[in-house]
Amino acid sequence: MGATFSEKILGKKAGEVVTVSPDFILSHDNSAAISQEFAKLGVEKIKNPDKLVIILDHVVPASAEKYALNHKLIREFVSQQGISNFFDIHHGICHQVFHEAGFALPGKLILGADSHTTSYGALGAFSAGIGRTEVACLWATDEIWLRVPETFRIEIQGGYAAGTFAKDLILRIIGDLGADCANYLAVEFTGAGAQNMSLAERLVLSNMAAEMGAKNGYFEPNQMVLDYLEGRAQLEFEPIFSDPDAVYERTFTFDLSDLEPQVACPHTVDNVKPIHEVAGIPIHQVLIGTCTNGRFEDLEVAAGILKNRKIHPSVRVLVIPASRQEYLRALKAGLLEVLSEAGCVILNPGCGPCLGAHQGILAPGETALSTANRNFRGRMGSRESAIYLASPATAAASALTGKIMDPREYL
Amino acid sequence: MRKGRVWKYGDDVNTDVIFPGKYTYTPMEPPEMAQHALEDLDPEFAKKVKLGDVIVAGKNFGCGSSREQAASCLKFAGIQAVIAKSFARIFFRNAINQGLPVIQCQEAVDSLGMGDEVTIDFSQGKISGKAGEFKFPRLPDSVLGIVEAGGLIEYTKQKITSRES
Ligand code: SF4
C-alpha cells in the first residue's frame, strides 16, 4: 500500500502523531505577540534563528502608533536574536515574498503563524498554519507535534472556459464541498488541469485550501516550478510525490470547461453562487490584491478589462500588488498606468484592507467586492458591511459598472 | 491508568456548546470554567462529572471557534480523555496543547454507551471496558509529555530547564 505526499514527508501513516522539526517558520506582524509568549518560556535565545522568516506585511507602513510600536518591537527582537531572514515593510505580503525569496521549496516542511501558510503547497511543500503559542514553543525548541493528515484528492480536468480563472475554480470547489470539508485533512490537486496551471494559479488554490479547513494544499512540482526556483532556492531540496497506489480519504473531480464565473457571497466563503445569480448587486468598493490574487497575472487581467475605460463614479477601486517585485513587473509592463488612468487607487504592496486594519475600511451599509480569500462578517471594517469574493476579472468588470458584473461581457 | 465513566454524545459537538461564547472574554479561574463545561449540551454534566470520566462522541468533535477554553474547561472538569470518531483540527491541537488527551477511535465510539466504565492505557494505546478492548494509535512520548505536563507552555518550560541542567 503506497503513501500519500503527507505520509511520506511526515514519515508515518495518516492518523498517527509525529514530532517534527520544520525547515522554515513564518511569522509576520504577529511576531511581537509571539515574542511575548516566547519570553514566558524563560529562554534567551531562539534555538535555530536561521529557520525563522519574519515578513512585515499586515499594516505597512504603520498607520497608527500602536502598529509603529509593534513593528519597532519586532525590529528590536530581530536584531537581538540575529534573525537574518527579516523582511521589513517594503517587500510585500508574506505569502508572496516567502516564495519569491526562495523559502517555499518542494519536499520541505514549513509552518507559519498564519492560516494561509497552506500557499506553499503550490510549490510542492508541506506547509500549514499553527497557533502563536505553538510558534513561540517552536522558536524555543525547534520541535512540534503534528498529526499526519488523511488526504482528499481533487482531480481537475479540462481547460478554462472563457472568463473563468483559478479563483472561480477554487470558489466552486469550496462552494460544493463546504468550508470545513477538509478539516484536518491534506488536499492534493491533481489531474491534467492542475498540472497545466501556472504558479500564480496554483498559489490561488493552495492559498484557499485553508478555506476548506485543510492543513495543506499540495501540487506536484513540475518543471515550471523547478525553473522558477533556479537561482532562488534557499536550500537544496528533493521533490516528494505521492505513490501511485496511495490511499486517499476521498477523490473529487472538477471540470474546468463547464465552469462559469463564481462569487462567494456574505458572510462565509462557501456561500458560493454562479455570477448570473448575483450580477447587478451594487457595490461601493473593489479590492484587487491580497495573497490570493495580487500577482502580475491578476493585475494583467484587470488592466485588460479596464484599459481605455473609466471606473464607475459610484465605486472606489483599490489595487495592491502582492509584493514589490510584482509591483515593479506591473509598473514596467505599463499595467499600473492603465489601472491608474481608469481611476484605481494604487496602494503599496501589503495586506492593505484585506484584514480591515487600514487603507480602505468599509462603513456600515457598504458592500465590497474583493479578490481576497475571506468574507467573514466585519473583516474589512464595519460589522454592518458585506464582502463578496471573486476573480480579478469579475472585480474589474464590476468596477466599470458599480455592480457585480459578469466579466465575459468585457472580454 | 484510571477508571472512568463514559459521557456519550453525538456528532458535531461544537465549541459553543462545550464552552459558551458569552464567557470567552470573561477571565475565569479553572473551577468556574469547569462549572460551565458542556453547559448548552448537557446541563447535568457539570454537576455530576467525576475526576477521570471520559467523553465519547461522534465525528467532528470540537468544531466551530478556535477558543482554547473548550479544551481546558473539560480538563478542569476532570475529564481524562475525549474519545471521538474524529476531531475538528483546531480543537485537536488545542486539546493536546492544553493538556487534554484526545483519542480517535471509531470502534470504541460505536461500542461504548453512556455510563460505561472504561480504563485507558495511553502508553499501550488501549481502551478497555465491558464492551471489549479497543486499540488506538499510541501518541508519541513527546506528545504524551505535553499532556502529562499539563500543556504546551509548561512542557516546553520543563524541557528547556532539563536541557540546561
Ligand atoms: S493578504 Fe489578507 S489573507 Fe493574505 S496574509 Fe494578508 S491579511 Fe492574510
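Let me start inside chain A, where 36 residues of domain 1 are in contact with 39 residues of domain 2; contact here means heavy atoms within 4.5 Å. Before going on, a word on conventions: this is a predicted model, local features need pLDDT of at least 70, side-chain atom pairs count only at pLDDT 80 or more, and totals for chains, interfaces and linings use all residues. Residues are numbered from 1 along each chain as its sequence is written, chains are lettered from A and ligands numbered from 1 in the order in which they are written, and side-chain values use heavy atoms, with hydrogens and water left out.

So, the domains. Chain A is divided into domain 1 (5–253) and domain 2 (262–409), with bounds from an automatic or database domain assignment. Their centres, taken over C-alpha atoms, are separated by 24 Å. Between them about 3,000 Å² is buried, and carbon and sulfur atoms give 58% of that. Buried area is the accessible area (1.4 Å probe) that two parts lose on being put together, summed over both. On the domain 1 side, Ile93(A), Lys167(A) and Leu171(A) lose the most area to domain 2 of chain A, together 19% of what that side buries.

What about charges and polar pairs? The count between the two domains of chain A is 1 salt bridge, meaning a side-chain nitrogen of Lys or Arg within 4 Å of a carboxyl oxygen of Asp or Glu. There are also 19 residue pairs in polar contact between these domains, both residues being at pLDDT 80 or more. A polar contact is a pair of N or O atoms within 3.5 Å; within protein, one must be able to donate a hydrogen and the other to accept it, and residues adjacent in sequence count only if both atoms are side-chain atoms.

Helix 4 (94–100), helix 6 (166–177) and helix 8 (199–209) of chain A are the elements that give two or more residues to the domain 1 side. Helix 6 of chain A gives the most, with 6 residues. Helices (H or I, at least four residues) and strands (E, at least two) are DSSP runs, numbered from the N terminus.

Now, where does the ligand sit? Both domain 1 and domain 2 of chain A give residues to its shell, so the ligand lies between them. The residues around the ligand include His58(A), Ile93(A), His95(A), His116(A), Cys291(A), Cys351(A), Cys354(A) and Arg379(A), each with a heavy atom within 4 Å of it. By class, that shell has 5 nonpolar, 5 polar and 1 charged residues. Ala, Val, Leu, Ile, Met, Phe, Trp, Tyr, Cys and Pro count as nonpolar, Asp, Glu, Lys and Arg as charged, and the others, Gly among them, as polar.

On to the neighbouring topic, chain B. The contact takes 29 residues from chain A and 23 residues from chain B, and the two chains bury about 2,100 Å² between them, 58% of it on carbon and sulfur atoms. Val17(A), Trp145(A) and Tyr184(A) supply 29% of the area that chain A buries here, more than any other three residues.

Chain A and chain B share 2 salt bridges. Lys159(B) forms a salt bridge with Glu143(A), the closest N and O atoms being 3.0 Å apart. There are 10 residue pairs in polar contact between the chains.

One last pair: Lys8(A) and Asp243(A) meet in a salt bridge at 2.7 Å, N to O, linking parts of the chain 235 residues apart.
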